[in-house]
Amino acid sequence: MRPFLATCLGAACTAALALPTAPAAARLAHPTAGPGTARAGDLPGATWSLPLDALGRAAPRTPAAPRRPVVRELTTRTVHPFSLVGVVWDDASAALQGRAQVRTRARGSGTWSDWQELTNASDDAPDPGAGEGRDGGAARGSTAPLWVGASDAIQLRLTLAPGAGTDPAGAAASAAVRAPAVLPHGLRLELVDPGPNTPARRGEPPFGPEAAASSAANAPLAPLGATQIPAADQAAARADIAASGESTPTGPVHIGARPRIVTRAGWGADERLRETRFVYTHAVRAAFVHHSATGNNYTCAQAPSVIRALYRFHVKSSHWRDIGYNFLIDKCGTIYEGRAGGVAKPVLGAHTLGFNNDSTGIALLGTFQKTAPPPPAIEALGRLAAWKLGLHNADPRGRTPMTSTGGNLYRKGAVVRQHVISGHRDGFKTECPGALLYADLPAIRRTAARLQGR
């Protein structure tokens with residue numbers, strides 16, 4: 001299937017971010033920018049970047065020094081308003097060997113949060129060689145971003161494990177004298193303002209050629225400029241198979257009713273941010289379930305803002321071509337279109353490193369390692385899976401052979417029989433989608449199959 005191309009008119013510019021002078025021990029530096037940069041231009045929202053390379057500089061460890069964790073802190077910074085925060089670095093193959101925590105100050109009330117954890121590795125990622133580099137560079141490594149709500153000040157604490165990595169000169173550290181873990185190059189704190197929560201309407205800016213192309217990819221399910229794709233019963237959903245690019249089946253059709261899906265226009269995506277082309281895989285033989293790991297401290301009314309912030313973080317901070325997930329579901333069970341290219345089509349995502357080909361990625365907004373996913377979100381996941389997998393005649397109860405493109409669980413070229421509805425951890429060694437959401441997957445498989453009429 002050939003990608004659909006659209007012209008990009010968007011532009012981005014840089015501006016200085018005013019910050020208090022940092023203490024000498026934690027002064028921020030960047031080879032080409034001041035203490036912080038904003039990449040905003042005329043686009044709604046903004047991304048503020050604070051370089052953190054200096055936090056990794058420390059005196060060499062001596063043989064007599066105790067082998068304790070080393071703590072580096074970015075002291076209080078008053079910054080431009082933001083709602084989502086994450087840490088990124090230049091090399092996607094490098095790891096942040098330590099623990100990253102933030103405290104944020106609520107805008108308006110001035111109340112400081114407790115220390116909150118940034119999930120150490122954002123293993124929702126594009127496959128190697130998928131061409132996800134943006135802004136003239138390769139895809140970056142990152143923590144998972146965290147939704148903190150409207151904030152205007154931040155503190156960061158990095159706890160580095162002792163005896164890991166190499167010494168500052170780059171030579172392997174001896175067993176007797178170990179330096180703390182060396183921070184990845186280009187480390188920076190990304191503060192994201194998602195912009196106003198005002199969905200685009202037909203005929204109003206920024207409904208330009210990029211938005212028109214994104215909306216047209218959902219034909220004939222919805223008219224141009226629609227902010228939602230309406231629900232349809234099972235009989236009507238059978239017609240969606242043609243829109244997916246699949247041939248009309250000659251045998252029995254097992255597909256769930258189409259659920260209502262909020263389009264990118266509905267959650268306010270600025271289409272000038274993403275790469276203009278749409279990239280497709282061959283089919284959708286499996287769905288990988290994720291949690292966004294952005295935390296559970298959002299309201300359903302804020303969900304579009306959370307998605308816009310994730311979109312901006314994935315594109316501007318991580319250098320991906322678009323948001324990584326194909327679909328997102330909020331705690332109230334509302335389903336949202338993710339990566340552009342058409343909800344019925346096999347759009348190539350960036351969600352499960354090693355298994356993005358021939359799959360779709362569905363993320364529940366939240367963190368479900370210790371918190372149970374809300375029932376409305378689970379119910380919506382079953383309905384979405386029944387429809388999306390039904391477009392490609394995939395049985396949610398089954399398994400399907402998939403070839404790994406390489407990761408930390410399966411080598412490149414390994415053929416793995418994955419569940420048709422899998423958790424992220426089935427394809428990559430990770431806690432995602434959280435222990436409590438992962439435990440719900442067997443029931444979700446049965447529900448999706450029942451909704452398909454199997």
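Predicted model: local features only at pLDDT ≥ 70, side-chain atom pairs only at ≥ 80, totals over all residues.
Residues are numbered from 1 along each chain as its sequence is written, and side-chain values use heavy atoms, with hydrogens and water left out.

Back to the helix pair. Helix 6 (residues 375-390) and helix 8 (residues 441-451) pack at about 50 degrees, and their axes are 8 Å apart. Axes here are lines fitted to C-alpha atoms over the stretch in contact, with angles running from 0 to 180 degrees between N-to-C directions; helices are DSSP runs of H or I with at least four residues, strands are E runs of at least two, and both are numbered from the N terminus. That angle makes helix 6 oblique to helix 8 (under 35 degrees is roughly parallel, over 145 roughly antiparallel, 65 to 115 roughly perpendicular, and the rest oblique). On the helix 6 side, Ile378, Leu381, Gly382, Arg383, Ala385 and Ala386 meet Ile444, Ala448 and Leu451 of helix 8, contact meaning heavy atoms within 4.5 Å. By class, seven of these residues are nonpolar, one is polar and one is charged (Ala, Val, Leu, Ile, Met, Phe, Trp, Tyr, Cys and Pro count as nonpolar; Asp, Glu, Lys and Arg as charged; the others, Gly among them, as polar).

As for disulfides (cysteine sulfur pairs within 2.5 Å), the structure holds one. The bond runs from Cys300 to Cys332, with S to S at 1.9 Å. Cys300 sits in the loop between strand 12 (286-291) and helix 5 (303-317), and Cys332 in the loop between strand 13 (327-329) and strand 14 (335-337), so the pair ties together parts that are 32 residues apart in sequence. Cys300 is partly exposed at 23% relative accessibility, and Cys332 is partly exposed at 46% (buried is under 20% relative accessible area, exposed over 50%, partly exposed in between, using a 1.4 Å probe and protein chains only).

Cys432 and Pro433 are joined by a cis peptide bond with omega about 10 degrees, and Cys432 is buried at 4%. Asp358 and Asn393 are not glycines, yet Asp358 has a positive phi of about 60 degrees and Asn393 one of about 55 degrees. Asp358 is buried at 13%, whereas Asn393 is exposed at 53%.
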